[in-house]
Every structure is written in C-alpha cells, then in structure tokens.
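I opened this notebook to keep track of what I looked up. Each entry takes one topic.

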Amino acid sequence: MWKRRGVRTALVVVCCALASFVPHFGLFISLIGNLGASLLMFILPAMLHLACFWSSAHPMRKAFHFLIILFGVVATAIGTARTVDELIHADSDHALCSG
C-alpha cells in the first residue's frame, strides 16, 4: 500500500517538475496528444476491425474503414505539423513579447 502511494507521489512530483522546468510544456503535451489520440480514436480501431472481419466485411464497410484511417492519418499529420510549427516559433514569439 505504501509502495504504491510512494510511486504515485513520485510520478506526480516528476510531472510537476517537468511542467515547471520544461519550456512550452503545453505544446509538448499537445504533440503527444496529436500522435496518441488520433491513433487511438481513428486509426487503430478501424485497422483492428478490418483485420478481424476482413473476409466477412462488405466492400462498402471496408471502404468506410479506409476513409476513417485516411482521416486519422491526415488529422495526425496536420495537428503534428501545426504543433511542431508552434514549437519552432514559440521562442521567437516569446522574445518579441518580452521587449
């Protein structure tokens, strides 16, 4: 019981330290979210459903799943590109605002 609380407390302390000391931590979390969320919401479920039911799936259902996968890939690419662009320009924007 105490070991689990200690691990949990250590993880919270590490996360707080990262959030405090890593510049633009929100953009880093956004990057991780772009990659992870799109993969978990769009790409993997459609791919797993296709893998499990390929032989019995109707061609229209297969096409629909491929569209969902394509949407997930495009959304991931756009979100990741925007976040990386914001990360690249974050320091220059901050320098301009600080005077």
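**Ground rules**

I am working with a predicted model, where local features need pLDDT of at least 70, side-chain atom pairs count only at pLDDT 80 or more, and totals for chains, interfaces and linings use all residues. Residues are numbered from 1 along each chain as its sequence is written, and side-chain values use heavy atoms, with hydrogens and water left out.

I looked up Thr76 and found it in helix α3, residues 59–97. Helices here are DSSP runs of H or I with at least four residues, strands are runs of E with at least two, and both are numbered from the N terminus. Is Thr76 buried or exposed? Thr76 counts as buried, because its relative accessibility is 13%. The cut-offs are under 20% relative accessible area for buried, over 50% for exposed, and partly exposed in between, with a 1.4 Å probe and protein chains only.

Next I listed contacts, meaning heavy atoms within 4.5 Å. Setting aside neighbours within four places in sequence, Thr76 is in contact with Asn34, Leu35, Ser38 and Ile43.

Thr80 is also found in helix α3. Thr80 counts as buried at 17% relative accessibility. Not counting residues up to four places away in sequence, Thr80 touches Leu31, Asn34 and Leu35.

**A nonpolar patch**

I then checked the surface. Leu39, Leu40, Leu44, Met47 and Leu48 make a nonpolar surface patch of about 470 Å². Patch residues have over 30% relative accessible area and no salt bridge; like charges are joined within 9 Å, and nonpolar side chains (Val, Leu, Ile, Met, Phe, Trp, Tyr) within 5 Å. A salt bridge is a side-chain nitrogen of Lys or Arg within 4 Å of a carboxyl oxygen of Asp or Glu. Accessible areas come from the Shrake-Rupley method with a 1.4 Å probe, and for residues only the protein chains shown count as cover.

I picked out Met47, which sits in helix α2, residues 25–53. Met47 is partly exposed at 44% relative accessibility.

**Cysteines**

How many disulfides are there? I count zero, taking a disulfide as a pair of cysteine sulfur atoms within 2.5 Å. Cys15 is partly exposed at 47%, and Cys16 is partly exposed at 45%.

**Aromatic pairs**

I found three aromatic pairs. Rings of Phe, Tyr and Trp (its six-membered ring) pair if their centres lie within 6.5 Å; planes under 30 degrees apart are stacked, over 60 edge-to-face, and the rest tilted.

One of them is Phe42 with Phe71, edge-to-face, at 5.1 Å centre to centre and 85° between the planes. Phe42 is in helix α2 and Phe71 in helix α3, 29 residues apart. Phe42 is partly exposed at 26%, and Phe71 is partly exposed at 48%.

Trp54 and Phe66 have ring centres 6.2 Å apart and planes at 75°, so this pair is edge-to-face too. Trp54 lies in the loop between α2 and α3, and Phe66 in helix α3, so the pair ties together parts twelve residues apart in sequence.

Most residues other than glycine have a negative phi. His24 has a positive phi of about 60°, although it is not a glycine. I placed His24 in the loop between α1 (2–21) and α2. His24 is partly exposed at 29%.
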